[in-house]
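Here is a friendly briefing to read alongside the model. Please keep the 3D view open as you go.

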Amino acid sequence: MQKTEAIGEIFLRLGIVSRQQLDQAMDKQKLLKRQDSLGDVLVSMGLISEKDRVRALGEQWGVPFVDVSELEVDSAVVKLVAQSVARKLKVLPVARKNGKLALAMKNPLDIFAIDEIRMMTGADVEPAIAPEEDIINAIGRLYRAGASSSEQFNDVIKEFDSANIDFTGGNHGDEDEDISIEQLRELSEEAPVIKLANMIISRGVSDGASDIHIEPGKDGVRVRLRIDGLLHEVMQVPKKVQASLTSRFKIMAEMDIATKRTPQDGRISAVIDNRQFDFRVSTLPSVFGEKIVLRILDKSSISIGLHKLGLLPETLERFESLISRTYGIILVTGPTGSGKSTTLYSVLSKLNSGEKNILTIEDPVEYEVAGLTQVQINTRAGLTFASGLRTMLRQDPDIAMIGEIRDAETATIATEAALTGHLVLSTLHTNDAPGALTRMVDMGIEPFLIASSVIGVLAQRLVRVVCPKCKEQYQPPRDAIKRLGIDVDGDTRVSFYRGKGCDHCRGNGYKGRLGVYELMLVNDRVRDLVLQKSSAHLIREAAIETGMKSLKDDAIAKILLGQTTLEECLRVIYAG
């Protein structure tokens with residue numbers, strides 16, 4: 001496997017990039033102090049995907065590319081390589097034919113890994129190349145397929161039944177009766193309880209959930225996962241397990257297991273499938289016991305890259321130009337759960353070059369990022385957003401990120417910081433981009449401060465993506481097209497896409513989410529309207545006339561591209 005063709009020429013030959021884009025990437029590569037490969041530079045610029053980069057690398061090395069993200073592999077082939085070995089070597093067996101084993105590899109030039117698999121399986125290895133992240137995800141998916149989650153759950157529940165232990169502590173789940181702290185601690189350390197708690201967490205991670213809800217009821221405990229924004233029930237745990245399971249999660253999150261009638265917050269850190277996760281844990285006393293919610297924070301998602309968020313090329317180019325400014329306020333707006341934190345962390349990851357002093361103040365700190373100074377507010381100790389920001393400005397920052405602008409004091413300090421040469425990033429809860437400016441006016445901020453400091457607002461929502469495995473084309477009704485505001489001639493056929501429903505997407509036709517965006521750049525016309533205290537409606541009209549693509553327009557573009565559906569955008573954009 002000899003390198004015979006320059007990687008840039010391969011990108012051109014495959015039609016992945018244009019000559020102009022390749023020249024831009026090569027120029028940027030020369031400017032970078034670190035030795036990034038040309039493929040990595042193209043990926044960071046959002047010009048190609050990671051799969052494109054790996055596919056071209058396979059061409060250069062003379063090995064086939066295999067897309068393992070949607071590949072179904074015979075379980076007998078998967079079992080040829082132990083899961084622990086597959087994870088260690090970043091490999092995945094994908095097929096066996098005529099005594100030869102096709103092996104997807106992160107690095108198909110790794111002869112030591114090839115030799116190890118050859119000795120383990122007794123088969124000649126034919127290496128192929130695949131993205132590392134896809135291999136890791138496929139390992140988790142395919143090795144789990146050997147035993148269904150329902151079978152694993154039933155086995156654990158049988159362990160509770162067979163164990164000669166009273167897991168209720170003698171009260172059969174009645175929260176009004178006292179269980180000693182010693183009993184609770186002992187119960188939470190029993191093997192079936194640990195297995196069940198770990199299974200619930202692993203299920204949430206493997207299913208791509210953002211939150212795990214453990215909800216006690218009169219006759220049992222319901223476990224639900226929030227997947228792609230919607231809750232799905234995945235298991236019902238017997239009532240007798242409630243006390244020990246609740247105690248187990250509270251101990252893992254370093255909470256006080258003796259306190260049952262007061263809400264508590266905690267945190268769990270874990271490595272699952274070779275990925276680092278944090279779980280933000282919250283308990284809430286209810287009629288039938290403590291409800292527990294775990295927010296899943298995947299540390300790998302903070303370096304997702306702006307180009308993977310779903311920004312259209314034109315919007316991405318304008319946003320990257322905006323964040324390259326050295327001063328001013330950039331606001332990200334949207335309702336809770338719309339991906340604002342992911343966007344902000346992606347921006348910080350891009351700006352975190354080591355040459356800038358970046359400080360954040362958050363409530364709480366969701367992700368710990370190397371190279372940033374992160375501060376968590378503590379109102380009891382007098383550390384608020386406003387006081388923390390004031391102190392941060394004495395720490396010589398280049399960039400300051402405020403988790404949320406909640407009051408006039410914080411907003412005023414932020415505007416003053418922007419006017420004195422700092423780039424400030426923050427969030428607001430408004431429905432659209434123009435509404436952020438009028439919201440600041442409503443807070444009592446002087447319009448001239450807003451007009452002088454805010455340089456851009458990005459409003460966003462998250463919509464579900466059409467499942468790639470059961471995606472089908474269809475012709476929508478004329479009235480549905482008109483509802484979107486698309487003008488079509490009588491003979492023009494407009495094609496939309498939807499998912500039929502399959503095992504991959506659990507029958508709902510969607511898999512994953514992407515952002516829908518509205519980027520408003522604050523120009524002179526918008527500034528004049530802010531100074532006049534004009535309504536958000538007038539600011540919106542001015543922004544659209546000067547090139548802003550609204551949330552609705554962005555959603556329509558993604559419907560026509562086949563990324564999402566009309567129904568999903570109506571649910572999120574028009575109802576949200």
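A charge sits over a ring if NZ of Lys or CZ of Arg is within 6 Å of the ring centre and within 35 degrees of the ring normal. With that in mind, look at Arg498, whose charged end sits over the ring of Tyr474, 4.0 Å from the ring centre. This is a predicted model, in which local features need pLDDT of at least 70 and side-chain atom pairs count only at pLDDT 80 or more, while totals for chains, interfaces and linings use all residues. Residues are numbered from 1 along each chain as its sequence is written, and side-chain values use heavy atoms, with hydrogens and water left out.

**Overall picture**

- The protein comes to 23 helices and 18 strands; these are DSSP runs numbered from the N terminus, helices being H or I with at least four residues and strands E with at least two.
- Of the 576 residues in the protein, 48% are buried; buried means under 20% relative accessible area, exposed over 50%, and partly exposed in between (1.4 Å probe, protein chains only).
- Among contacts with a separation of 6 or more, 65% are between residues 24 or more positions apart, where contact means heavy atoms within 4.5 Å.

**Aromatic pairs**

- There are 2 aromatic pairs in the structure. Rings of Phe, Tyr and Trp (its six-membered ring) pair if their centres lie within 6.5 Å, and planes under 30 degrees apart count as stacked, over 60 as edge-to-face and the rest as tilted.
- Phe277 and Phe279 form a stacked pair, because their ring centres are 6.2 Å apart and their planes are at 25 degrees. Phe277 is buried at 2% relative accessibility, and Phe279 is buried at 0%.
- Tyr474 and Phe496 form an edge-to-face pair, because their planes are at 85 degrees, with ring centres 6.3 Å apart. This pair links distant parts of the chain, with Tyr474 in strand E16 (residues 471-474) and Phe496 in strand E17 (residues 496-499), 22 residues apart. Both Tyr474 and Phe496 are buried.

**Arg464 and its surroundings**

- Arg464 belongs to strand E15 (residues 454-466) and counts as buried, at 11% relative accessibility.
- Arg464 lies over the face of Tyr510, at 4.1 Å from the ring centre.
- Not counting residues up to four places away in sequence, Arg464 touches several residues, including Asp228, Tyr510, Glu568 and Arg571.

**Helix packing**

- Helix H13 (residues 313-323) and helix H14 (residues 340-351) have axes that come within 11 Å and cross at roughly 60 degrees. Axes are lines fitted to C-alpha atoms, for helices over the stretch in contact, and angles run from 0 to 180 degrees between N-to-C directions.
- At this contact, Phe319, Glu320 and Ile323 of H13 meet Val347, Lys350 and Leu351 of H14.

- Val281 sits in strand E8 (residues 275-286) and is buried, at 3% relative accessibility. Beyond its neighbours within four places in sequence, Val281 is in contact with residues including Ala253, Met255, Ile268 and Leu294.
- Val281 and Ile212 are 69 residues apart in sequence, with a C-alpha to C-alpha separation of 9.4 Å.
- Arg506 is in the loop between E17 and strand E18 (510-521) and counts as partly exposed, at 41% relative accessibility.
- Leaving out residues up to four places away in sequence, Arg506 touches Asp207, Ile227 and Lys511.
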